Amino acid sequence: MVELKTPGEVEAMRAAGRVVAQALAAVRAHAAPGVRLDELDAVAREVIFGAGATSPFLNYQPRFADTPFPGVICASVNDAVLHGIPGPYALRDGDLLSVDCGAVLDGWAGDSATTFSVGTPRPGDPEFVAATKEALAAGIAAAVPGNRVGDVSAAIGAVGRRHGCGVNTEFGGHGVGRTMHEDPSVPNDGRAGRGMVLKPGLVIAIEPWFTAGGNPEYRTDDDGWTMRSVDGSQGAHEEHTVAVTADGPVVLTLP
């Protein structure tokens, strides 16, 4: 767990976050029917490595994975909710694509994700994505000094449930600093007033991911990474890296 102590450290993390934002923007601009997911990964690689950064996703192998992750982005399509491998799948009109990306620049990490429709949105998808973005905004608004981790979690979960989404507390938010995944864990639902007190200098990734059908359960593909909703409903994932400051939350993963 890192606590930023100087304006210079904040700016250093903001620089890493800016690389992530630029990579996500480039991927979104390139995404279109017929484009393969591995092509989108190549676009993100060009941005990340061109900025002098490295990817914390590439070759990442946590305890649950049998093999290292092969890309610099997670590209999850439709019922794939998280950790989609950017392989040869060619996007189709109406696909709902979630892209998660990270970068490490000068020893500081940034992590962000976004979901969008490719081509013509399918009925219900824009409202579903809007609900996930609303949950992210609610979580960010709760990331103020004196609140607790549970306040952030409760804010996210309340929005998801109000919109009838499936809300899962696994693979939620986390601390960010010198590495992509640090303490504390920030689940996507919880009880207000519980957990660690948020103090100025703390940096966390806030990342609601929901399923549209209301069932929060998932299954994992044979690739050991791609998580899919068990009811086949769409998944959406929104994330920003956020610094807790005395003046309120500061989003570090903006262009």
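Trainee: How do strand 1 (residues 73-77) and strand 3 pair, and over how many bridges?

Mentor: Two strands count as paired if DSSP finds at least two bridges between them, and strands are DSSP runs of E with at least two residues, just as helices are runs of H or I with at least four residues, numbered from the N terminus. Here strand 1 and strand 3 pair in the antiparallel sense over five bridges, with V77 standing opposite L97 in strand 3. This is a predicted model, in which local features need pLDDT of at least 70 and side-chain atom pairs count only at pLDDT 80 or more, while totals for chains, interfaces and linings use all residues. Residues are numbered from 1 along each chain as its sequence is written, and side-chain values use heavy atoms, with hydrogens and water left out.

Trainee: Which strand do the ten bridges join to strand 3?

Mentor: They join strand 3 to strand 4 (residues 108-117), and the two run antiparallel; S98, for example, stands opposite T115 in strand 4. In the hairpin of these strands, which has two residues between them, D106 takes a positive phi near 55°.

Trainee: Why does R92 count as exposed?

Mentor: R92 counts as exposed because its relative accessibility is 56%. R92 is found in the loop between strand 2 (80-82) and strand 3 (96-105), and, leaving aside its neighbours within four places in sequence, R92 is in contact (heavy atoms within 4.5 Å) with P33 and V118.

Trainee: At what angle do helix 1 and helix 2 pack, and how far apart are their axes?

Mentor: Two packed helices are described by the angle between their axes and the distance between the axes. Axes are lines fitted to C-alpha atoms, for helices over the stretch in contact, and angles run from 0 to 180 degrees between N-to-C directions. Helix 1 (residues 7-30) and helix 2 (residues 37-50) pack at an angle of about 145°, with their axes 9 Å apart.

How values were computed. Buried means under 20% relative accessible area, exposed over 50%, partly exposed in between (1.4 Å probe, protein chains only).
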